[in-house]
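Hi,

Here is the structure I said I would pass on.

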Amino acid sequence: MMNIPYTAQRRWASPLGTIWAARTAAGLAGLWFAEGQKDTPDTLDAPLRDDDPLLRAAEATLANYWRDGTLAWNLPLDLHGTPFQREVWLALLKVPRGHTLSYRGLADRIGRPQAVRAVGAAVGRNPVSILVPCHRILGSDGSLTGYAGGLERKVALLRLEGVLAA
């Protein structure tokens, strides 16, 4: 795992389980489900800071999201990954609420139609769940394939956003 200079971390309860968030001096760098999510760090070398303004703003943003499925935020992000991963993650930010896209569609969108598997791997390594909406990416046939936080959470997020019937 990359050595990311986290400066603070915080955990809070959500309807889908405990959220674990971490930041660097530059912005929000991690947002994971604390239990049952792939590729989360085991520990972070950063103090627990319940008073951190950015992490509290992330919690408030998600509290609004849980109410009505609207994901409106202006938090600074500090996405650590390869240039290719960051390109994929930035493309995820352009998939609007209420819409989905296939892995192939995402590969096409970034101008790399032959890189579908690499795009899938990058989507799976998204370090900022929910806010960088990797849950909106589906299989080419519309199937709910893969989600590092678990398929039941992917279904819940897509229902909240009105993509799937409740």
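The side chains of His135 and Glu161 make a polar contact at 2.8 Å. Bear in mind that this is a predicted model, so that distance, like every other value here, is computed from predicted coordinates. His135 belongs to the loop that runs between helix H4 (116-124) and strand E5 (137-138). Despite being in a loop, His135 counts as buried because its relative accessibility is 0%. Leaving out residues up to four places away in sequence, His135 touches Tyr65, Ile130, Tyr147, Lys154, Leu157, Leu158 and Glu161.

Ile130, one of those contacts, lies in the loop between H4 and E5 as well. Its phi is near 70 degrees, which is positive although the residue is not a glycine. Ile130 counts as buried, since its relative accessibility is 1%. Asp39 also has a positive phi without being a glycine, in this case about 60 degrees. You will find Asp39 in the loop between E3 and H1. Is Asp39 buried or partly exposed? At 40% relative accessibility, Asp39 counts as partly exposed.

Now the core. The largest nonpolar core has 41 residues, and the members that touch the most other members are Leu28, Leu62, Val88, Leu106 and Ile130. H1 gives the most, with six residues.

Not counting residues up to four places away in sequence, Leu28 touches Ala21, Ala22, Arg23, Leu54, Leu55, Ala58, Leu75, Pro76, Leu77, Asp78, Val128 and Leu131. There is also a second, separate core of eight residues, which includes Tyr6, Trp20, Ala22 and Trp32.

On to the rings. How many aromatic pairs are there? The count comes to three. Tyr6 and Trp32 make an edge-to-face pair, with 6.4 Å between centres and 75 degrees between the planes. This pair links distant parts of the chain: Tyr6 is in the segment before strand E1 (8-12) and Trp32 is in strand E3 (residues 28-33), 26 residues apart. Tyr6 and Trp32 are both buried. Tyr65 and Trp66 form a tilted pair, at 5.4 Å centre to centre and 55 degrees between the planes. Both of these residues are buried too, and Tyr65 is also one of the residues that His135 touches. Ring pairs join Tyr6, Trp20 and Trp32 into a cluster.

The charged end of Arg11 sits over the ring of Trp20, 4.2 Å from the ring centre. Likewise, the charged end of Arg153 sits over the ring of Phe33, at 4.1 Å from its centre.

Gly30 is in strand E3. Its relative accessibility is 0%, so Gly30 counts as buried. Neighbours within four places in sequence aside, Gly30 is in contact with Trp20, Ala21, Ala22, Pro127 and Val128. Gly30 and Pro41 are 11 residues apart in sequence, with 9.5 Å between their C-alpha atoms.

Last, helix H4. Its buried residues are Val116, Val119, Ala122 and Val123. Looking down the axis of H4, these buried residues fall within an arc of 120 degrees, so they line one face of the helix. The cover over them includes helix H2 (83-92) and helix H3 (103-109). The C-alpha atoms of Ala121 and Tyr103 are separated by 9.9 Å, and the two residues are 18 residues apart along the chain.

Cheers

Notes. Residues are numbered from 1 along each chain as its sequence is written. This is a predicted model: local features need pLDDT of at least 70, side-chain atom pairs count only at pLDDT 80 or more; totals for chains, interfaces and linings use all residues. Side-chain values use heavy atoms; hydrogens and water are left out. Helices (H or I, at least four residues) and strands (E, at least two) are DSSP runs, numbered from the N terminus. Buried means under 20% relative accessible area, exposed over 50%, partly exposed in between (1.4 Å probe, protein chains only). A polar contact is a pair of N or O atoms within 3.5 Å; within protein, one must be able to donate a hydrogen and the other to accept it, and residues adjacent in sequence count only if both atoms are side-chain atoms. Contact means heavy atoms within 4.5 Å. Rings of Phe, Tyr and Trp (its six-membered ring) pair if their centres lie within 6.5 Å; planes under 30 degrees apart count as stacked, over 60 as edge-to-face and the rest as tilted. A charge sits over a ring if NZ of Lys or CZ of Arg is within 6 Å of the ring centre and within 35 degrees of the ring normal. The arc is that of the directions from the helix axis to the C-beta atoms. A nonpolar core is a set of buried Ala, Val, Leu, Ile, Met, Phe, Trp, Tyr and Cys residues joined through side-chain atoms within 4.5 Å.
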